[in-house]
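Visitor: Please take a close look at a single part of this chain. I would like its surroundings first in outline, then in detail.

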Amino acid sequence: MPVADLQLVCDFVNSADLEEPRDALADGRSLVRWLSAHGLSGEHARATDADAAEARALREALRELMVINNGARGDRAAAVETLDAAGRRAGLAARFDSGAIRLVPGARGVRGALGVVLGAAGEAMADGSWTQAKACRSDTCRWAFVDRSRNRSRQWCSMSVCGNRAKARTYRERHA
Ligand SMILES: [Zn+2]
C-alpha cells in the first residue's frame, strides 16, 4: 500500500478536529468541497446533508478502527458494520490487478468518491499496512496518523503536544 493512500484515509479522519471543534464534513456543501480539494470529485458534484451524515459516520468508524490499531479499546463490530454499509453504497468491487486486490467503487458522485477513501482503507487491510493507521491515544485528540516508526510503537499524534501532556499527567499523578 503506497503511504499516500493511507495518508488519504488519515486526512479524511482528520476532516474533524475534535479539539477545536471544527468539522469539514458538516453538510453536503462542505463534503463536496473536501472531496474536490482532495481530487476525489468535481467542484460541482451534488451532495445532500444526508450524504454528509453518512460520510461522518464512515469517518468515525475508520477512526474507531484506528483507535483499536493504537491498542485502545473500541467497538470493532459496530465500526465494521458501518464500513460494510458504506461499501455497499459505494458499490465497492474487487479488481484483480497484477497480484494485488484493488477495491474500486462502482457508484458515481459523492458515494463513489467516499468509496475511494474506503477502498484505500480496505486495500491497506488486505496488504497488512492498515495497522500503521492509528488515532492518537489522547481521548480528546484522536488525530489520525500513519505510524512510520521502526517498531510501530508510536502512540501520539505529536510527542510535543499529546505525548508531553500524557507524560505530565502521569508525573502529576505519581507525585500527587
Ligand atoms: Zn494527539
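Guide: Start with the whole chain. Of its 176 residues, 40% count as buried, where buried means under 20% relative accessible area, exposed over 50%, and partly exposed in between (1.4 Å probe, protein chains only). This is a predicted model, in which local features need pLDDT of at least 70 and side-chain atom pairs count only at pLDDT 80 or more, while totals for chains, interfaces and linings use all residues. Residues are numbered from 1 along each chain as its sequence is written, and side-chain values use heavy atoms, with hydrogens and water left out.

The chain has six helices and six strands. Helices (H or I, at least four residues) and strands (E, at least two) are DSSP runs, numbered from the N terminus. Their order from the N terminus is α-β-β-α-α-α-β-β-α-β-β-α. The radius of gyration is 17 Å, close to the 16 Å of the globule rule for 176 residues, so the chain is as compact as a globular protein of that length. That radius is taken over C-alpha atoms, and the rule is 2.2 Å times the number of residues to the power 0.38. The C-alpha trace spans about 55 × 40 × 30 Å along its principal axes. Among contacts (heavy atoms within 4.5 Å) with a separation of 6 or more, 51% join residues 24 or more positions apart.

Now the close look, at Arg142. Arg142 sits in the loop between β5 (133–135) and β6 (144–146). Arg142 counts as buried because its relative accessibility is 19%. Its side chain makes a polar contact of 2.8 Å with the side chain of Asp139. A polar contact is a pair of N or O atoms within 3.5 Å; within protein, one must be able to donate a hydrogen and the other to accept it, and residues adjacent in sequence count only if both atoms are side-chain atoms. Setting aside neighbours within four places in sequence, Arg142 touches Leu18, Arg63, Val67, Ala135 and Cys136.

Arg56 belongs to helix α3 (residues 49–69). Arg56 is partly exposed because its relative accessible area is 25%. Beyond neighbours within four places in sequence, Arg56 is in contact with Asp23, Leu25, Ala26 and Asp27. Take Ala26: 30 residues separate Arg56 from Ala26 in sequence, and their C-alpha atoms are 8.1 Å apart in space.
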